[in-house]
Amino acid sequence: MKVMIGIGCDRHASLTTLQEALAQALHSCGLDESAIAGLASIDKKQDEAALLQLAESRDWTLYFYPAEALAGVPVPNPSAVVLKYMGTPAVAEAAALLAANGDLQDLLVEKHKHLGADGKNATVSIARIP
């Protein structure tokens, strides 16, 4: 089974925070990094250093979607805060589903939130590629 990782984070979150969030989300559904086909996020994160480093360090393809595309994806955990700041009610869940070309039944990890030692939040969702 191959999966796509949807990932969102606070601005300037550390690479360690993203790695920890990803490891926890993978562990929660019994997968490891070998299952990952790529990462996905919102286009506003195209310059997020830790996200770029994470993808580059593992040679994962990184997909970015505009808020309008993400907002069109039905998700189980929409957020008013994310909508206010990003223009879409979900980043991680919607990005994972878009990148996997899947629907809600393909969402293995809905919205794993992690607060890193740097005080920054990262959110990871995992979608199976159907």
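Modeller: All 7 of the 7 residues of strand β1 (residues 3–9) are buried, so the strand is largely enclosed by the rest of the structure. Buried here means under 20% relative accessible area, exposed over 50%, and partly exposed in between, with a 1.4 Å probe and protein chains only. Strands (E, at least two residues) and helices (H or I, at least four) are DSSP runs numbered from the N terminus. This is a predicted model, in which local features need pLDDT of at least 70 and side-chain atom pairs count only at pLDDT 80 or more, while totals for chains, interfaces and linings use all residues. Residues are numbered from 1 along each chain as its sequence is written, and side-chain values use heavy atoms, with hydrogens and water left out.

In a regular strand the side chains alternate between the two faces of the sheet. In β1, Val3, Ile5, Ile7 and Cys9 point one way, Met4, Gly6 and Gly8 the other way, and all are buried.

Strands pair if DSSP finds at least two bridges between them. β1 runs parallel to strand β2 (residues 36–42), joined by 4 bridges, and leucine 39 of β2 is the bridge partner of isoleucine 5. From β1 the chain passes through helix α1 (residues 15–28) to β2 in a right-handed β-α-β crossover: with the strands pointing away from the viewer, the path from the first strand over the helix to the second runs clockwise. With strand β5 (residues 121–128), β1 pairs in the antiparallel sense over 7 bridges; there, glycine 8 stands opposite threonine 123.

Overall, the protein has 5 helices and 5 strands, in the order β-α-β-α-β-α-α-α-β-β.
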